[in-house]
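Here is a brief report on the model shown below. It covers the helix first, then the charged side-chain pairs.

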Amino acid sequence: MEHTNELAHELASAARRHGSAIAGIVGSAARKTSWEMLDLMAEGRELVGAALRARAEELRHRDRSH
């Protein structure tokens with residue numbers, strides 16, 4: 001039982017020592033992911049806008065030909 005408590009204490013100490021570094025890595029990854037998602041959303045908006053403009057142009061050509 002004493003070895004179990006000692007192991008738990010050592011693990012808790014290691015977690016405290018390295019916890020902030022791990023938190024920093026996770027936080028950095030989360031920020032990077034957020035920026036990448038914003039970039040993807042912007043690209044998606046541009047693609048949808050381009051598709052809508054192309055469809056509108058297609059409809060204008062069709063109306064002119066009829």
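## Helix length

Helix 1 runs over residues 2-65, which is 64 residues. The model is a predicted one.

## Bend

Helix 1 is not straight throughout. The axis bends by about 45 degrees at H18.

## Salt bridges

How many salt bridges does the count come to? The count comes to two.

One joins E58 and R55, with the closest N and O atoms 2.4 Å apart. Both residues sit in helix 1. They are three residues apart, about one turn of the helix. The other pair is E57 and R60, whose closest N and O atoms are 2.7 Å apart. E57 and R60 also both lie in helix 1, with a spacing of three residues, again about one turn of the helix.

## Exposure of the paired residues

Take the E58 pair. E58 has 43% relative accessibility, so it counts as partly exposed. R55 has a relative accessible area of 39%, so R55 is partly exposed too.

Now the E57 pair. E57 comes to 31%, which makes it partly exposed. R60 has a relative accessible area of 38% and is likewise partly exposed.

Key: Residues are numbered from 1 along each chain as its sequence is written. This is a predicted model: local features need pLDDT of at least 70, side-chain atom pairs count only at pLDDT 80 or more; totals for chains, interfaces and linings use all residues. Side-chain values use heavy atoms; hydrogens and water are left out. Helices (H or I, at least four residues) and strands (E, at least two) are DSSP runs, numbered from the N terminus. The expected span of a helix is 1.5 Å times one less than its number of residues. The bend at a residue is the angle between axes fitted to the seven residues ending there and the seven starting there. A salt bridge is a side-chain nitrogen of Lys or Arg within 4 Å of a carboxyl oxygen of Asp or Glu. Buried means under 20% relative accessible area, exposed over 50%, partly exposed in between (1.4 Å probe, protein chains only).
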